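My entries follow the display.

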There are 2 protein chains.
Amino acid sequence: MKSHVIGIDIGGTKLAAVLADKDGNILQKARKPTESEKGPQHAVQLLLGMVDEVLGLSGLSREEISGIGVSCGGPLDTKTGVVYSPPNLPGWDALPLKDMIESEFHIPTVLENDANASALAEARFGGGRGYNYVLYMTMSTGIGGGIVANGEIYHGANDSAGEVGHQILLPDGPLCGCGKHGCLEALCSGPSIARRAQEAITDQSNTNILKLAGGQIDHVRSEHVLQAARNGDALAVALMEETAYYMGWGIANLVNILNPQIVLLGTIAVAAGDLLLTSIRRTVAEMAMQRPSEAVKIMPAELGDSIGDLAAISLVI
Amino acid sequence: MKSHVIGIDIGGTKLAAVLADKDGNILQKARKPTESEKGPQHAVQLLLGMVDEVLGLSGLSREEISGIGVSCGGPLDTKTGVVYSPPNLPGWDALPLKDMIESEFHIPTVLENDANASALAEARFGGGRGYNYVLYMTMSTGIGGGIVANGEIYHGANDSAGEVGHQILLPDGPLCGCGKHGCLEALCSGPSIARRAQEAITDQSNTNILKLAGGQIDHVRSEHVLQAARNGDALAVALMEETAYYMGWGIANLVNILNPQIVLLGTIAVAAGDLLLTSIRRTVAEMAMQRPSEAVKIMPAELGDSIGDLAAISLVI
């Protein structure tokens, strides 16, 4: 009877609600802008309406839904279901999101931070299928991560485990968004790659990166660096090699600490493919210990744009 | 009826077998030198005899023993129970230790690497009691580690998880025993502290470290540095501060990645106490993210010399 689940994916710019069967097939979807400037109450009302919408579209009753999974930016508390001021959701301060959803629908609701939920989705439905020890790392605006061991998210003491992007590699390095210096994220996130490119480009630089950015140095983004590197631009290739070195160093440390069977790298690594992955793998082989190094594969994440929906429903399947 | 357990602790210099009740009270002990130069068959024969010895002393029959726990240097395979050439046990190459013990006694036997087994012992009987997420780090000849989550050892893909001493902090730093450069172990193990002291002492140094080592630079050990630092020796204090900085940096990374409730530090940290711990804690607070940093305590390990016996029996209690 309780044959289906609902997933809610909360981002800083868009909200999604989906209805899926127990095999992870998504049957109905609703999408709306978060309009985060209107505050959390507004967004939650939108979400509640979207849940009703996917239920209505499916023709199913609430009694046929076994659970609601909610993927949201952290920090948050998975036990109490309270969200604590994610950077991308201003005003979501100590918001009892799980209670708000459960009191409306009377369906058991599971709240999880988006990196962990995405890791679980990759482990269940993506590149981590068949592996017991999966490490997933986002590589976009930030570098987040999630650890899945034997099908379960590794939460740690207060749901903060997996902050793999904030291991510090260069204590005297560039300032990170977290307030520390030289975190992996401050070297290899999209904005960090762009910043390193902006710093490297001078009037004397023989590079196409600036041209791809419309000639404006402050418009340079990681996509331009990647595109130029694909065309063999020497500076861009060097920047991508540097990115791969830092990623490889950070992943080597994680391989020694966590001994994963597979490391799945998101967004930028998916876009760059072997341009990054070949050098990352070589660096990990050089810097990690032999035994855990032999046990690990380093691969692009597989779920692409569908990861948000699958992240949410994987929490309740 | 199966009211007791047996523990076997295999070190490079000594062997131990103990018999304990299910509460972890050690009732009988046997100790012998490993005589590792005589090879694994000799040591295993000694061990089998020592198991018989503690059984005989206890007056219990084999039928009253529920399990045998074996703590041994890694690498090893916990599933198959095979030991693969630990650095301190020359010739123990693909030794089917679990099978050798089980075929003799017909008692279920669990093999585990010593750092993981020690972590479990600290979690069950030592400083980790009452905590769900425990990270134990040895700090002696090497820097090993074990991760215990919800009472279970985190093994990873091939029993290599927890190699926290081989996270690389300084890729251009000193050579580590593992063959890489700038691992935490190559900076903060006992021999590494001694090496840094030997490099720092010149004819012009105003330090007592050399005197404590009998005036011979190659006799300087970490104990001399610690003793001099206790007496306020400026060079020794600086060396201990440097040690605390690297330990704090490495632990901050582990706090971000693993989000432990407690980090327990062995041997050198136990001996040094606040001389190291105060600076380690300050560095972790500076370098780790706020949320996981707030959740963690950094404490000396509690089990001292009894950890080997308790490590072995904790595997089968």
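In which sense do strand S9 and strand S10 of chain A pair, and over how many bridges? I found that S9 (residues 133–137) and S10 (residues 145–149) of chain A pair in the antiparallel sense over five bridges; two strands pair if DSSP finds at least two bridges between them, and helices (H or I, at least four residues) and strands (E, at least two) are DSSP runs, numbered from the N terminus.

Before going on, I noted that this is a predicted model, in which local features need pLDDT of at least 70 and side-chain atom pairs count only at pLDDT 80 or more, while totals for chains, interfaces and linings use all residues. Residues are numbered from 1 along each chain as its sequence is written, and chains are lettered from A and ligands numbered from 1 in the order in which they are written.

**Sheet, chain A.** I looked up Val134(A) and found that its bridge partner in S10(A) is Val148(A). The open sheet has five strands in the order S11-S10-S9-S12-S13 (chain A), with mixed pairing. At its edges I found strand S11 (152–153) and strand S13 (297–300) of chain A, each pairing on one side only.

**Helix pair, chain A.** I then turned to helix H5 (residues 190–200) and helix H8 (residues 234–258) of chain A, which pack at an angle of about 135° with their axes 11 Å apart; axes are lines fitted to C-alpha atoms, for helices over the stretch in contact, and angles run from 0 to 180 degrees between N-to-C directions. H5(A) and H8(A) are therefore oblique to each other, since angles under 35 degrees count as roughly parallel, over 145 as roughly antiparallel, 65 to 115 as roughly perpendicular and the rest as oblique. I listed Ile193(A), Arg196(A), Ala197(A) and Ala200(A) of H5(A) as making the contact with Leu235(A), Leu239(A) and Thr243(A) of H8(A), where contact is defined by C-beta atoms, placed from the backbone, within 7 Å.

**The two chains.** I noted that a rotation of 180° with 0.0 Å of shift along its axis superposes chain B on chain A (RMSD 0.0 Å), by least squares on the C-alpha atoms of residues with pLDDT of at least 70 in both. The two copies are thus related as by a two-fold rotation axis. Of the residues of chain B, Leu169(B) comes closest to that axis, at 3.2 Å (C-alpha). The contact takes 33 residues from chain B and 33 residues from chain A, and H8(B) gives the largest share of chain B's side, seven residues.

Methods:
Two residues are in contact if their C-beta atoms, placed from the backbone, lie within 7 Å.
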